[in-house]
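Please keep the sequence and the structure in view while reading.

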Amino acid sequence: MRQHVNPLSKNFDEIERIPPFIEMFNDSKLNLHLDIGCASGDYLFELALENTNWNYIGIEIRERLVKKAKLKVQDKKIKNLYFAFGNAYNILNNFNNKFILKNVKSISFNFPDPWFKKRHYKRRLIQPEFINILSKLMQKGSLIFIKTDVKDLFENMDCTILGNINFQKIDDRYFNNLESFNPNKVQTNREKYAVSNELSIFKRIYIKI
Ligand SMILES: C[S@@+](CC[C@H](N)C(=O)[O-])C[C@H]1O[C@@H](n2cnc3c(N)ncnc32)[C@H](O)[C@@H]1O
């Protein structure tokens, strides 16, 4: 069992400088996918190699994992992938970083920490304030993907996202017609664990309208 990081700790009030896309990527004009709570980034490494026509950013609150992922990007000379360390809410809500959400085409929240105790619900990633920020900055037609093996968390996230009038759920058939690339093609590490332990997986896609 890993120690969970409290995202509301003052340690995360200060955020690292996020460079402009032109410094992050070889081709800064490509479509952008953002993965929030990316852990070691294995999922993004696989996506970045499989679909080189997109750029990818991963945000993770465990610094050690981000340092290792950044080194791996350098070692492998990958030009369409960037990792940022910190609380995703603080990074994306920062005035200087609004360009990320303004340009993102899709965002994934894969198996976010469930924080089972009621008094810890405020530590969960998907909160009305956060979804409100996404809804204000994301372009129309951009997508949010959520996935979890915790039914109660799924219902909470679904209710929170649909509680914002700017997001609508879409079904997989509609999504397949969008000609967008499908980040669900690749399994995350938690997903591999859930599949091998025959846990139910709850997932949904939303579009900004
Ligand atoms: C259960 S793990 C899932 C990791 C990965 N997405 C997967 O599916 O295998 C949740 C991850 O989210 C990260 N995390 C939790 N709260 C966060 C926050 N506020 N900002 C950024 N990352 C966060 C945790 O450190 C952890 O790595």
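Is Ser108 buried or exposed? Ser108 is buried, at 0% relative accessibility; the term buried applies under 20% relative accessible area, exposed over 50%, and partly exposed in between, with a 1.4 Å probe and protein chains only.

## Basis of the model

This is a predicted model, in which local features need pLDDT of at least 70 and side-chain atom pairs count only at pLDDT 80 or more, while totals for chains, interfaces and linings use all residues. Residues are numbered from 1 along each chain as its sequence is written, and side-chain values use heavy atoms, with hydrogens and water left out.

## Ser108 and its surroundings

Ser108 belongs to strand E4, residues 104-110. Helices (H or I, at least four residues) and strands (E, at least two) are DSSP runs numbered from the N terminus. The side chain of Ser108 forms a polar contact of 2.6 Å with the side chain of Asp35. A polar contact is a pair of N or O atoms within 3.5 Å; within protein, one must be able to donate a hydrogen and the other to accept it, and residues adjacent in sequence count only if both atoms are side-chain atoms.

With neighbours within four places in sequence left aside, Ser108 is in contact (heavy atoms within 4.5 Å) with His33, Leu34, Asp35, Ile36, Tyr43 and Phe145.

Rolling a probe the size of a water molecule over the atoms shows where empty space is left. On a 1 Å grid over the protein atoms alone, a cavity is a set of points where a 1.4 Å probe fits but cannot get out, whereas a pocket is an open set with protein on both sides within 12 Å along at least five of seven lines; lining residues have an atom within 4 Å of a point. Grid points are joined across faces, edges and corners, and a volume is the space filled by probe spheres set on the points.

The largest pocket holds about 1400 Å³ of space. Its lining comprises 49 residues, and Arg2, His4, Phe111, Pro112 and Asp113 lie nearest the centre. This lining divides into 21 nonpolar, 14 polar and 14 charged residues. Here Ala, Val, Leu, Ile, Met, Phe, Trp, Tyr, Cys and Pro count as nonpolar, Asp, Glu, Lys and Arg as charged, and the others, Gly among them, as polar. Elements that each supply at least two lining residues include strand E1 (31-36), helix H2 (42-50) and helix H9 (189-196).

The second largest pocket has a volume of about 210 Å³. Its lining contains 6 nonpolar, 1 polar and 3 charged residues, among them Met24, Lys70 and Phe83. Helix H3 (63-75) and strand E3 (81-85) each contribute at least two residues to this lining.

## Phe45 in helix H2

Phe45 lies in helix H2 and is buried, at 4% relative accessibility.

## Helix H7

Asp158 is found in helix H7, residues 151-162, and is buried, with a relative accessible area of 12%. Its side chain makes a polar contact of 2.5 Å with that of Tyr206. Asn156 is also placed in helix H7, but Asn156 is partly exposed, at 28%.

## Cysteines

Cys38 is buried at 8% relative accessibility, whereas Cys159 is exposed at 57%. With a disulfide taken as a pair of cysteine sulfur atoms within 2.5 Å, the count is 0.
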